[in-house]
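User: I would like to go through the terms used for this model and see how each value is set against its definition.

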Amino acid sequence: MSSATSSPVLDQLACVLAERRHADPETSYVASLHHKGLNKILEKVGEEAVETVLAAKDAERDGKLCDEKHRQALVAETADLWFHSLVMLSHLDLDHRLVLDELSRRFGVSGHDEKASR
């Protein structure tokens with residue numbers, strides 16, 4: 001069990017992902033991703049990462065945040081990225097709280113120092 005305080009939304013989503021992992025791929029998007037395998041899941045993570053980057057670029061012009069429409073698009077793309085990352089972790093039997101633990105471990109550690117330690 002993980003020591004980090006988890007988010008109720010992440011916990012609920014993890015439960016849904018676990019339930020749907022072995023559901024009928026014809027009726028469950030999550031099951032269809034698992035059925036297609038890790039490479040398909042990674043393809044989706046990569047696709048969502050690119051879409052998130054593009055939305056972030058659109059959300060800022062000349063060093064200033066753009067309108068609400070662009071900001072909401074960035075939030076939506078980030079949600080898609082997180083969702084598909086959680087599917088990836090689930091496929092690999094990794095608990096999302098391990099990621100939260102790692103983030104907690106990094107508090108108080110310089111980003112430069114943490115990167116140098118890897």
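User: At roughly what angle do the axes of helix 1 and helix 4 cross, and why is helix 1 called oblique to helix 4?
Analyst: This is a predicted model, in which local features need pLDDT of at least 70, side-chain atom pairs count only at pLDDT 80 or more, and totals for chains, interfaces and linings use all residues. Residues are numbered from 1 along each chain as its sequence is written, and side-chain values use heavy atoms, with hydrogens and water left out. The axes of helix 1 (residues 8–21) and helix 4 (residues 68–91) come within 10 Å and cross at roughly 55°. Angles under 35 degrees count as roughly parallel, over 145 as roughly antiparallel, 65 to 115 as roughly perpendicular and the rest as oblique, so helix 1 is oblique to helix 4.

User: What makes helix 1 oblique to helix 2?
Analyst: Their axes come within 8 Å and cross at roughly 60°, helix 2 being residues 29–36, and that angle therefore makes helix 1 oblique to helix 2.

User: Why is D93 called exposed?
Analyst: D93, found in the loop between helix 4 and helix 5, has a relative accessible area of 63%; because buried means under 20%, exposed over 50% and partly exposed in between (1.4 Å probe, protein chains only), D93 counts as exposed. Phi of D93 is near 55°, a positive value in a residue other than glycine.

User: How do you know that L98 is partly exposed?
Analyst: L98, which lies in helix 5 (residues 96–106), has a relative accessibility of 47% and therefore counts as partly exposed.

Notes:
Helix = DSSP H or I, 4+ residues; strand = E, 2+ residues; numbered from the N terminus. Axes fitted to C-alpha atoms, helices over the stretch in contact; angles between N-to-C directions.
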